[in-house]
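Thank you for coming, everyone.

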Amino acid sequence: MSGVTQADVVIVGGGLLGLATAHALHGRRDVLVLERDTVGHARGGSHGSTRIFRLGYTDPRYVARAQRASELWRALEAEAGVQLLHPTPQLTFGPGADAVFAALAAAGAPAERITAAAIATRFPAFAGHGDAVLETTSAVIAADRTLATLRAHCGAELREHVRVERVDAHHVETADEIIEARAVVVCAGPWTRSLVPSVPTTATLEHAGCVRAGAGLPIFIDFAEPAVYGLPTPGSDLYKLAVHHGGPAIDPEREFAADPSAVAGLQHAIEKWLPGAELVQVDVCPYDNTADDNFVVERVDGIVVGAGTSGHAFKFGPLLGEQLAQLVLDGA
Ligand SMILES: Cc1cc2nc3c(=O)[nH]c(=O)nc-3n(C[C@H](O)[C@H](O)[C@H](O)COP(=O)(O)OP(=O)(O)OC[C@H]3O[C@@H](n4cnc5c(N)ncnc54)[C@H](O)[C@@H]3O)c2cc1C
């Protein structure tokens with residue numbers, strides 16, 4: 001232990017939420033980000049090349065949040081001069097589709113009902129699954145490029161391979177030092193609970209299959225139980241397909257290994273949605289879940305916590321960064 005050092009704001013975790021918070025504080029506070037691995041590492045919840053952006057939620061509050069996030073994504077793209085969102089049509093199937101349509105219409109967001117016959121003509125790979133809602137404001141987010149962009153434009157000091165052992169409202173302890181800070185933010189994904197035990201989250205290991213399915217396919221979501229979704233990889237013939245909340249509970253400190261029954265569920269979903277597509281790879285990625293899928297964005301024992309993103313927060317990244325930054329500024 002080399003002693004006590006001083007900092008303004010320390011953020012624990014260099015995933016999407018930590019970097020977005022650092023970016024939102026740029027120019028307002030001096031920020032130090034501590035990441036126990038590397039930005040974009042394979043065990044983190046933000047890793048991989050793509051995520052879905054969509055306005056379509058059954059809950060109108062999430063539609064409003066996604067609309068606000070959309071503006072912030074545009075601002076980030078303009079600031080960095082890079083494209084992060086690739087506009088891609090989305091088909092929304094299943095029991096929640098009507099409520100999604102109603103919430104989008106109430107928010108004035110464009111959406112159309114599309115019949116099974118029209119799907120067969122316009123999106124033949126998705127024929128045979130009934131009517132759907134066509135969302136025209138969805139996009140594929142370049143996830144890895146987003147992390148790189150936030151890292152490059154957050155103006156923070158970032159230290160990788162630094163594991164935080166303990167925190168309180170004004171201290172962060174690593175193996176080498178104790179940092180005294182005006183504000184401490186924890187955005188440690190599924191590891192948050194080991195630092196702030198009262199945060200009610202659980203980790204699961206989710207499985208995504210990468211298949212060769214041809215270029216130009218839409219995003220799709222089937223709001224069945226369990227929900228299944230898929231998205232193209234821009235500029236390639238690869239398509240990612242996954243079962244939402246289809247993986248087992250895990251201890252995030254242990255090795256991650258593919259779960260045979262989750263892989264079987266994934267293969268079943270591929271057979272249903274893209275029959276005959278060649279499975280190229282299965283990737284595993286942790287979800288950091290709350291009981292109701294709502295995010296934790298709050299002050300806990302004086303520590304600002306962003307966690308519990310429950311497998312659907314990437315689209316809200318810049319907005320969650322703003323909200324967490326505001327909690328830091330409010331506490332000052
Ligand atoms: C397979 C999959 C598909 C998804 N698809 C979508 C989608 O299509 N659309 C969407 O909106 N969202 C999606 N999500 C959700 C989204 O990716 C996550 O909600 C989001 O990336 C979580 O970011 P985070 O910063 O909270 O966590 P993480 O990215 O896990 O970051 C936490 C970081 O904290 C670090 N850390 C932990 N403990 C410590 C410590 N003690 N000291 C220092 N550092 C520490 C970790 O190493 C990690 O890098 C998906 C998630 C997965 C897994």
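This is a predicted model: local features need pLDDT of at least 70, side-chain atom pairs count only at pLDDT 80 or more; totals for chains, interfaces and linings use all residues.

In helix 2, the residues Tyr62, Val63, Ala66, Ala69, Ser70, Leu72, Trp73, Leu76, Glu77 and Ala80 are buried, where buried means under 20% relative accessible area, exposed means over 50%, and partly exposed is in between, using a 1.4 Å probe and protein chains only. An α-helix has 3.6 residues a turn, so residues three or four places apart point the same way. Residues are numbered from 1 along each chain as its sequence is written, and side-chain values use heavy atoms, with hydrogens and water left out.

Helix 2 covers residues 60-80, and its 21 residues reach 30 Å from the first C-alpha to the last, close to the expected 30 Å, which is 1.5 Å times one less than the number of residues. Helices (H or I, at least four residues) and strands (E, at least two) are DSSP runs, numbered from the N terminus. Just after helix 2, glycine 81 takes a positive phi of about 70°.

Let us turn to strand 3. Thr50 and Ile52 point one way from this strand, whereas Arg51 and Phe53 point the other way, and all are buried. In a regular strand the side chains alternate between the two faces of the sheet. Strand 3 runs antiparallel to strand 8, residues 139-142, and four bridges join them; two strands pair if DSSP finds at least two bridges between them. Within strand 8, isoleucine 141 is the bridge partner of arginine 51.

Now to the ligand: which residues come nearest to it? Of the 33 residues around the ligand, they are Glu35, Ser46, Cys285, Thr309 and Lys315, and a residue counts as near if one of its heavy atoms lies within 4 Å. A polar side-chain atom of glutamate 35 lies 2.6 Å from a ligand oxygen atom, and a polar side-chain atom of serine 46 lies 2.4 Å from a ligand oxygen atom. Taken alone the ligand exposes 1,000 Å², of which the protein buries 96%, with areas from the Shrake-Rupley method and a 1.4 Å probe; for residues, only the protein chains shown count as cover.

Finally, strand 17 gives the largest share of the shell around the ligand, three residues.

Key. A polar contact is a pair of N or O atoms within 3.5 Å; within protein, one must be able to donate a hydrogen and the other to accept it, and residues adjacent in sequence count only if both atoms are side-chain atoms.
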